[in-house]
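Thank you for making time for this. I would like to walk through one structure with you, beginning with a term that we will need and then turning to charged pairs, helices and cores.

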Amino acid sequence: EIRRAMPEARIVVVDDGSTDHTGRVAGEAGALVLTLPFNMGIGAAVQTGYRYARDATAQVAVQMDADGQHDPRDIPSLLKGLQTHDVSLGNRFVQGADIPAYARAANILGNVVNLVFTGMWVSDSQCGLRAYTRTAFEKLRLHSTHYEIDTEIIRELKRKHISYTQVPVRVRYTSYSKSKRTKQSFLMGLETIMRLVRIYRK
């Protein structure tokens, strides 16, 4: 799907210790696979991707969660946003979006936590579909290894005075993405907040 939407894109997959042959399948499909030695967390995977983008002298980097909920056809809209801003943040919560109640509730909570720690209200602070100019991702100094990476990035946008825009994007909740509700669990939420407290003190 990404290749059809962006034929000229260099597709990079970060394999974060998966056990479902993600790396092999992605490699056979033509992607460059960066393999982590074990499951280090989504934050570590995101950092790995941006480190590669810096080393590869990429001028633009698009981040996309790999659970199938994002539509690659939205990438051009994100790139259009980069014509006037350094970061395009996807916003799944537009009118008419078919989003499960638990995901909406988790997003509201995530937005409130993000507001507390960053002082910024972002409509979809946890969206995994984003685009960055090189100017933006070169300035990011990240430490998170888990889900708190989303809020840490937004804090970096504020601290480094990086301009951003929010772009409406589609969302597709497949049976696979619906089964991955760990991020929305109460315990995971508490763990994320505690990690943010430690990061905020730095």
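By a salt bridge I mean a side-chain nitrogen of Lys or Arg within 4 Å of a carboxyl oxygen of Asp or Glu. Before I use the term, please note that this is a predicted model, in which local features need pLDDT of at least 70 and side-chain atom pairs count only at pLDDT 80 or more, while totals for chains, interfaces and linings use all residues. Residues are numbered from 1 along each chain as its sequence is written, and side-chain values use heavy atoms, with hydrogens and water left out.

By this rule the count comes to 10 salt bridges. One of them joins Asp 150 to Arg 130, with the closest N and O atoms 3.9 Å apart. This pair links distant parts of the chain, since Asp 150 is in helix H7 and Arg 130 in strand S5, 20 residues apart; helices (H or I, at least four residues) and strands (E, at least two) are DSSP runs, numbered from the N terminus. Are these two partners buried or exposed? I call a residue buried under 20% relative accessible area, exposed over 50% and partly exposed in between, using a 1.4 Å probe and protein chains only. Asp 150 has a relative accessible area of 4% and is therefore buried, and Arg 130, with 1%, is buried as well.

A second pair is Asp 71 with Arg 170, where the closest N and O atoms are 3.9 Å apart. Asp 71 lies in the loop between S3 and helix H4 (75-81), and Arg 170 in the loop between strand S6 (164-168) and helix H8 (175-179), so the pair ties together parts that are 99 residues apart in sequence. Here Asp 71 is buried, at 2% relative accessibility, whereas Arg 170 is partly exposed, at 38%.

Because they are four residues apart in helix H6, about one helical turn separates Glu 138 and Arg 134. Glu 138 is partly exposed at 34% relative accessibility, while Arg 134 is buried at 15%. Salt bridges that share partners also join Asp 71, Arg 73, Asp 74 and Arg 170 into one network.

Let me return to helix H7, residues 149-159. Nine of its 11 residues are buried, so H7 is largely enclosed by the rest of the structure. Among those buried residues are Ile 149, Ile 153, Ile 154 and Leu 157. After H7 comes His 161, whose phi is positive, near 55°.

Helix H3 (residues 42-55) has 14 residues and should span 20 Å at 1.5 Å a residue, which agrees with the 20 Å between its end C-alpha atoms; the expected span is 1.5 Å times one less than the number of residues. Its buried residues include Val 46 and Tyr 50, and the buried residues of H3 pack against several elements, including strand S1 (12-16), helix H6 (134-139) and H7.

Finally, the cores: a nonpolar core is a set of buried Ala, Val, Leu, Ile, Met, Phe, Trp, Tyr and Cys residues joined through side-chain atoms within 4.5 Å. The largest has 18 residues, and those touching the most other members include Tyr 50, Phe 137 and Ile 153. The largest share of this core, four residues, comes from H7. A second, separate core of seven residues includes Cys 127, Leu 129, Val 167 and Val 169.

Definitions and conventions:
Contact means heavy atoms within 4.5 Å.
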